[in-house]
Amino acid sequence: MATALHNLSEYDAAAVPSGKGRRFVIVVAEWNAQVTNAMAEGAIKTLKQYDVADDNIIIKHVPGTFELTFAAAKCIRNNECDAVICLGCVIQGETRHFDFICEGVANGLSALNAEGKIPVIFGVLTTDNLQQALERSGGKLGNKGIEAAVTALKMI
Ligand code: DLZ
């Protein structure tokens with residue numbers, strides 16, 4: 001259960017399968033780069049920890065979270081990997097832009113998952129402020145990038 005005191009990235013290490021010989025694309029949104037880069041670091045470290053070779057971890061960047069769907073769709077179309085990990089961070093502003101981006105990327109990545117070709121991981125933080133995002137990207141509430149990598153390993 002997600003609470004303010006619980007590290008959300010705690011997981012049973014023994015239950016995570018090896019990623020040996022598997023290939024992963026990590027798509028990282030450039031908006032809120034301080035947060036998304038920290039998530040990417042967590043994801044890369046975790047994949048390596050589970051035997052994924054450096055050459056089998058491909059990092060791609062997109063301008064914002066909204067563009068994650070396009071990049072993931074292209075990876076799937078080009079048979080680039082066994083799983084795509086999408087990392088973004090949307091922070092609530094004064095307008096409804098937040099809602100449209102969150103809804104757009106959630107629907108987009110869900111649709112790709114429903115195609116059932118390869119797993120597309122939703123590593124997107126949707127927070128009220130930067131502080132909440134920092135707490136979830138290497139702060140006291142863990143690192144969503146680690147969770148996304150663990151999810152990818154389990155899904156493949
Ligand atoms: C425009 C925008 C805004 C206001 N906020 C964010 C954000 O908090 N996080 C994020 O990843 N991207 C944001 N963007 C950019 C959109 O994701 C997208 O890049 C643009 O709308 C262009 O399609």
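Helices (H or I, at least four residues) and strands (E, at least two) are DSSP runs, numbered from the N terminus. By that numbering, phenylalanine 66 sits in the loop between β2 (57-62) and α2 (68-77). This is a predicted model: local features need pLDDT of at least 70, side-chain atom pairs count only at pLDDT 80 or more, and totals for chains, interfaces and linings use all residues. Residues are numbered from 1 along each chain as its sequence is written, and side-chain values use heavy atoms, with hydrogens and water left out.

**The ligand site**

- The ligand is surrounded by Trp31, Asn32, Gly64, Thr65, Phe66, Glu67, Cys89, Val90, Ile91, His97 and Ile101.
- β3 gives the most to the shell, with three residues.

- A backbone N or O atom of isoleucine 91 is 3.1 Å from a ligand oxygen.
- For phenylalanine 66, a polar backbone atom lies 3.2 Å from an oxygen of the ligand.
- Asparagine 32 uses a polar side-chain atom, 3.4 Å from a ligand oxygen.
- The protein covers 73% of the 490 Å² of accessible area that the ligand has on its own. Accessible areas come from the Shrake-Rupley method with a 1.4 Å probe; for residues, only the protein chains shown count as cover.

**Phenylalanine 66**

- Phenylalanine 66 counts as partly exposed because its relative accessibility is 48%. Buried means under 20%, exposed over 50%, and partly exposed in between (1.4 Å probe, protein chains only).
- The C-alpha atoms of phenylalanine 66 and isoleucine 101 are separated by 5.5 Å. These two residues are 35 residues apart along the chain.

**Positive phi angles**

- Most residues other than glycine have a negative phi.
- Asparagine 32 has a positive phi of about 55 degrees although it is not a glycine. Asparagine 32 lies in the loop between β1 (24-29) and α1 (33-49). With a relative accessible area of 25%, asparagine 32 is partly exposed.
- Aspartate 51 also is not a glycine, yet has a positive phi of about 75 degrees. The loop between α1 and β2 holds aspartate 51. Its relative accessibility is 42%, so aspartate 51 counts as partly exposed.

Conventions:
A residue is near a molecule or strand if one of its heavy atoms lies within 4 Å of it. A polar contact is a pair of N or O atoms within 3.5 Å; within protein, one must be able to donate a hydrogen and the other to accept it, and residues adjacent in sequence count only if both atoms are side-chain atoms.
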